[in-house]
Amino acid sequence: MANLTDRIKISDRLAGVAAWLVLQFFRIFEIPLSLIQRIVGVRGMPWIFLLPNLAFFGLFVVIPLCINFAFSFTGGTDLFLSDRIYTGTEQYGFLLDCETFGDPITCREDRFWKGLYNTATFTVFQVTFLVLFSMITALILNREIRGRGFFRAVFFFPVLLSPVVVALIWKWILLRDGIMNAFLVSVGLDKILFFVSPEWSMFWAVFVSIWAHMGFYTLILLAGLQAIPPDLYEAAEMDGTSKERVFWRITLPLLWPNLLVVVVLALIKGVQIFDEVFVLTGGGPGTATQFIVQYIYNTGFTEPVRNFGLASAASIVLGLVLFVLTITQLAATRARDNG
Amino acid sequence: MTINLKTLLTVTSVAAALMASPALAQTELRMMWYNDGSEGEVMQTILDRFEADNPDITVVLDVVPYKAVLESLPIQLAAGAGPDIARVTDLGGLSEYYLDLSPYVSDTEYWETSFGPFLDWLAPDSDRISGFMTQLTVTGPYVNKTLFEQAEVTMPGEGATWDDWATAVVVVADKLDIPIPMAWDRSGHRVAGPAIAMGAKMFDTEGNPALVDDGLKKMAQRLYDWHQDGTMSKELWGSVSGSTYLGANEDFANAQVVFYMSGSWQIPQFANKIGDAFDWWAVPAPCGDAACTGMPGGAALVALQDTKHPEEVGKLMDFLAQEENLAEFYGKTLFIPGHLGLATGGVEFATDDPRAKHALETFSGAVPTISQTAFDLQGYKNNRVLFNALISRLNEAIVGELTLEQAYGRMEEDVANQLAELNR
């Protein structure tokens, strides 16, 4: 007993010494911080603390964004802005020159518009089914089912994989001599060349994307479901409310903030889709799964004439689309909070 | 014992100088390299010899995927951050970044007599010496001869047309249930040779690029039809977008293809991978209405102008370009020599494989039959603009996104737009 007391005392002392050392270490900052506070005042101090992050954000986001914007008003193939030729809004004019906006073939830069339409199609299907499946999975995993922890891990596992790995796994499954075709042949069906058909390619692009990301959104919705007070369900049960009514009147309204986050995040990620589909289908067949980010990448980096100006203009258009989506999210959140 | 301070300082200084001098004098050169087969290993043995003779120079062979040479290297060069030396295939397209080796090589006449016409490919606008060909390539087909024998179909002989081959390979594939009768690398360069064989001129009378004409349309129509009737599988050309390169070498090596249109650079790979599993047989370029020609091409080792060590780079390039070193390189890699002396005198290829020997003879023998238009196109520094417009738009027609007429219109627009951007 005495030994135990001694040990506790020693550990307390060690903790005390450690705390003192930490305190002394942080006192080093006291003098310069006091000095800065004297200069910028108490109100200016939050900016000082934010400065490292702001510098990082400025260096890697704001400055490249400005450079990109400037690039979109230039032409030629030179890499450095100072060497490039000012072309005004010519690149935007080239991108937006269409006889009929609904038909990409009538546009001067048809691939940009095909990329835009493909991205819109992909996003509509991917977001709809992603949210739906994530919701269903979250509702199931929120129940008291056997092996719940295991299933949560199973659904979350693909999120941990790199997009390239995800795409390669599915590519091997879906190729002419892949597992899927081996299965089809084994049940007496013909092989399907999935990546030769535009419809199948788009289907698998959407499917693989949902498979890869569903776990993340399921987790957000699961957190939302677990935050709903259980007594609401108990009260509904005592009132004899049907399960459908409970879902529509309690679960869905209370889950709405999480659902909104999921929808907006999925929308933004959907518009930005590139890596998985690039590895899976290469944008083919033809341009059936070539999305807007791949168009930008090809235009700026893989064509023999690297058209940085046009690629920049297209990325500014993409940025505007994302900006509109973000504003919509903010407006929806604010309307929800106010209403 | 007391040590005099002056003595101590002197000893320390001398020791420091002795330790520092090798480090200070050491020059590191970086060579960006890609492999088709095992040529990187052959190059490394030659580099080891160079380093032994020149202990003050270290050469680092950076082996990268071919895609990195195509896509990343031009950006690095534009940013002034490239390697000292690189192995490239866009010979004229990158010429603005090449170093003129003339002041740094011991005998410029040797370079001019040994690499004469190829130096023009590397410097279309000047008389510079920038590097040498690590391989001369000729496009042409390989045939799985064993399948022809098993199907008891006679292989079309010398002078056979593209249509003759297309008919024959479909019969073989049907008889033996082979999934892909004919496959071509997904590359505009591969299409250019047969298009020229059909009469494509590629340039107008004033020498300006003019991609679409009747000759090109004839070949494009055939490629379109072959994809629709199953002679060619849409899996290769139709399954990706844009100008992405795809080869059917794996499918051919797995005996899934009867006839494979590729080029001489596949020889070492097939000798290694296929060996004697079946008779892979290089055949002369099939004929069109105008000629029986493939496209010349190749890879070159070039010195880059942003190097900080031009003298050392010159020394290394001079060493590598010597006839005995190149004879060893071409001989061991089974590459067609890009050195005129070796091309005439012959190289002893390090293989006993009769298929590889036959392929080397076939492709080397094809060089004199290559059309002048094909040489002109290869020497045109923006040829990749034409190749990429051709392959990407033709592909969109094949998969049904455009009609062939629309595709031709788009090819012309793409070429015009890209050249206009280049000439700003």
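Student: Which residues of α6(B) are called buried?

Tutor: The buried ones are W162(B), W165(B), A166(B), A168(B), V169(B), V170(B), V172(B) and A173(B). The label needs 20 or more other C-beta atoms within 10 Å.

Student: How do you know that the span of α6(B) agrees with its 15 residues?

Tutor: Take residues 162-176 at 1.5 Å a residue. The expected span is 1.5 Å times one less than the number of residues, so it should be 21 Å. The end C-alpha atoms of α6(B) are 21 Å apart, therefore the two agree.

Student: What follows α6(B)?

Tutor: D177(B) does, and its phi is positive, near 60°.

Student: What makes a set of residues a nonpolar core, and how many residues has the largest one here?

Tutor: Members must be buried and joined through C-beta atoms within 7 Å. The largest nonpolar core has 130 residues. V169(B), A183(B) and V302(B) have the most contacts inside it. Helix α17 (residues 383-398) of chain B gives the most to this core, nine residues. The core draws at least three residues from each of domain 1 and domain 2 of chain B.

Student: Which residues does A183(B) touch?

Tutor: Leave out residues up to four places away in sequence; A183(B) then touches M232(B), S233(B), L236(B), A248(B), D251(B), F252(B), V257(B) and Y260(B).

Student: Why is P230(A) called exposed?

Tutor: P230(A) has 8 other C-beta atoms within 10 Å. The cut-off for exposed is 12 or fewer, so P230(A) is exposed. P230(A) is found in helix α10 (residues 230-238) of chain A. From F25(A), P230(A) is 205 residues away in sequence and 47 Å away in space, C-alpha to C-alpha.

Student: Where are the domains of chain B, and how many residues of each take part in their contact?

Tutor: Domain 1 is 24-136 + 297-345, and domain 2 is 138-296 + 361-422. Their centres, taken over C-alpha atoms, are 29 Å apart. The contact takes 16 residues from domain 1 and 19 residues from domain 2 of chain B. On the domain 1 side, α4 (108-122) and β4 (131-144) of chain B are the elements that give two or more residues. That side divides into five nonpolar, eight polar and three charged residues.

Student: And what is the assignment for chain A?

Tutor: Domain 1 is 1-41 and domain 2 is 90-338. Between the centres of these chain A domains there are 49 Å, over C-alpha atoms.

Student: How many residues of chain A are in contact with chain B?

Tutor: 25 residues of chain A are in contact with 26 residues of chain B. Helix α13 (residues 292-302) of chain A gives the largest share of the chain A side, three residues. By class, that side has 10 nonpolar, 12 polar and three charged residues.

Student: Where in chain B does pLDDT stay under 50?

Tutor: Over residues 20-24 of chain B, where the model has zero contacts beyond four places in sequence. Where pLDDT is low, predicted coordinates should not be read in detail. The mean pLDDT of chain B is 91, with 94% of its residues at 70 or more. The model scores ipTM 0.83 and pTM 0.84.

Conventions. Residues are numbered from 1 along each chain as its sequence is written. Chains are lettered from A and ligands numbered from 1 in the order in which they are written. This is a predicted model: local features need pLDDT of at least 70, side-chain atom pairs count only at pLDDT 80 or more; totals for chains, interfaces and linings use all residues. Two residues are in contact if their C-beta atoms, placed from the backbone, lie within 7 Å. Helices (H or I, at least four residues) and strands (E, at least two) are DSSP runs, numbered from the N terminus. Ala, Val, Leu, Ile, Met, Phe, Trp, Tyr, Cys and Pro count as nonpolar, Asp, Glu, Lys and Arg as charged, and the others, Gly among them, as polar. Domain bounds come from an automatic or database domain assignment. pLDDT is the predictor's confidence in each residue, from 0 to 100.
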